[in-house]
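Please open the model in your viewer and keep the selection tool at hand. The tour goes from one selection to the next, and says at each stop what is there.

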Amino acid sequence: LAALQEPELTWKAAGRYGIKYGHFVLKGPLWVDFEEEEPERKRGEHQDDFELRHSVWKGQKGNWFPIRIRAVHPSMVLLDPWSKQPPVVVELSSRYAGDLGLLTRRKGQRREGVEVYLAGENPYKVVEIVEYWSAFWHVLKLRDGQVLYVEENEPGFVPFCHAYGEFGGLPSDGSQQNPKYMAQGMLQPILDLLKLESQELVTRANMIEVAGWPQAGTTKDTAATGQILDRDGLLPGLEADYWYRKTPDFPRHLFESEKLNKAAIEEATFPLSMAGYHDVGVRTVGQTAIYMEAGDKRFGGLRHNTNHLLTIVCQRILQLVDMSGEKVTAEAYSIGPDEIQHDYNISATFETVDPVLKMQQDREARENFKLGLHSAETTRQVLRTEDESGEKKRLLDEEVDKRPEVHEFLVRQAMKEKGLGELVKEIEAKESAEAKAAVDAERKAAWD
């Protein structure tokens, strides 16, 4: 949910940067407080109007999610290229003048030494800024040199982490420890091949144009002939007076080179089937799965690095929530300091689920459960049941509801809710009379 607060899908953008540039940077998590002040009743304002404004404010505050994560363009961040969690970061960015003015005013209300930025007449003017981050301090300044504020970095960590796409590598002789060799996109090694393919595509288009629209010739006056053709008139003279220039015989290999280039591009990148194209000669689901899995391995390094950064971000989110002292709710799931208890150890991954393989694993898990080889919890884990603790509680609740006395009580409660309270009283009175009669009968039999 933290990533969805940004207009660009954070992890999608991170993967795109990793593939295009071979390097991706994540900024976050950042804790963003709900800044709207609690409304106060205005003079002469009706109580109902004030309660409506206050309820709107309360609802907005309750729906506010304070954590933010975003993918930053690698060219806008200066950091240690050899540290996944750099100790110092310099970020270049921009803000609207109005937003920057509001930010500095709010900072100035809480602490001294803040230079309030004056937005001027145009609140949407783009202002270039620089931010410095360390484990202890955060500085925001204009690019022209004016420092707007310096504040303590309360979480105690630099909210940046980065990794490479694993498509590049340092020179084999180790003579140049330059990160540019690591930040290589997937297409970097085949740029010349892509240019060649583009040139050949233009060449083939020109050949088709020459073959489809050959140049015409005539022994007559070309100007007069052109005027007649423009008027769709009849051409004078004999058929031999007009002709089309002969189309040259193009070598066959010019058309076959397209297949060779595409094959070379696929070998260097990934199969086109991963993009939804049908591979010629691939007819079965098994063959498709084999090609998809083989192509997916090309992104193995990028995926491992992405999963590790995800783990780092999740650990920091737990730390922020623990330090805030507040519960955070995301899509009906809540977590707070009571659940965290200063333990930030967590592992998170993005998983790609193959539907065919998933169906087979689910079937095997159910069979193993029936044979007693797996527990119910292990089976639910294979079936990817979310919220295991909640699932256990729901199962226990169902067992409680199945007990006859509990079921009877719930039925009578439901009858009362439907307005059948008098009928419930009659049933209870009848049951009480029957129970009393049974007790009296037992006593009489005992005396006899």
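Begin with the open sheet, in which 3 strands follow the order β2-β1-β8 with antiparallel pairing, where two strands pair if DSSP finds at least two bridges between them. Its edge strands are β2 (67-72) and β8 (160-164), each of which pairs on one side only. Neighbouring strands in this sheet are turned against each other by 20 degrees on average, direction ignored. Strands here are DSSP runs of E with at least two residues, helices are runs of H or I with at least four residues, and both are numbered from the N terminus.

Before going further, note that this is a predicted model, in which local features need pLDDT of at least 70 and side-chain atom pairs count only at pLDDT 80 or more, while totals for chains, interfaces and linings use all residues. Residues are numbered from 1 along each chain as its sequence is written, and side-chain values use heavy atoms, with hydrogens and water left out.

Now select strand β1 (residues 23-31), which is joined to β2 by 5 bridges, the two running antiparallel. On this pair, W31 stands opposite I67 in β2.

Helix α1 (residues 10-20) lies across β1 and β2 and runs at about 155 degrees to β1, whereas helix α8 (residues 300-324) lies across β1, β2 and β8 and runs at about 15 degrees to β1. Such angles run from 0 to 180 degrees between N-to-C directions, the axes being lines fitted to C-alpha atoms, for helices over the stretch in contact, and contact means heavy atoms within 4.5 Å.

Move on to helix α4 (residues 191-212) and helix α6 (residues 253-268), which pack at an angle of about 155 degrees with their axes 10 Å apart. The two are therefore roughly antiparallel to each other, a term for angles over 145 degrees, while 65 to 115 count as roughly perpendicular. To see where they touch, select L193, L194, L196, E197, E200, R204 and M207 in α4, which meet L254, F255, S257, E258, N261, A264 and I265 in α6.

Finish at helix α12 (residues 388-402) and helix α13 (residues 404-417), which pack at an angle of about 85 degrees with their axes 5 Å apart. These helices, α12 and α13, are therefore roughly perpendicular to each other. Select V400, D401 and K402 in α12 together with P404, V406, H407 and L410 in α13, the residues that meet there.

Technical notes: Angles under 35 degrees count as roughly parallel, over 145 as roughly antiparallel, 65 to 115 as roughly perpendicular and the rest as oblique.
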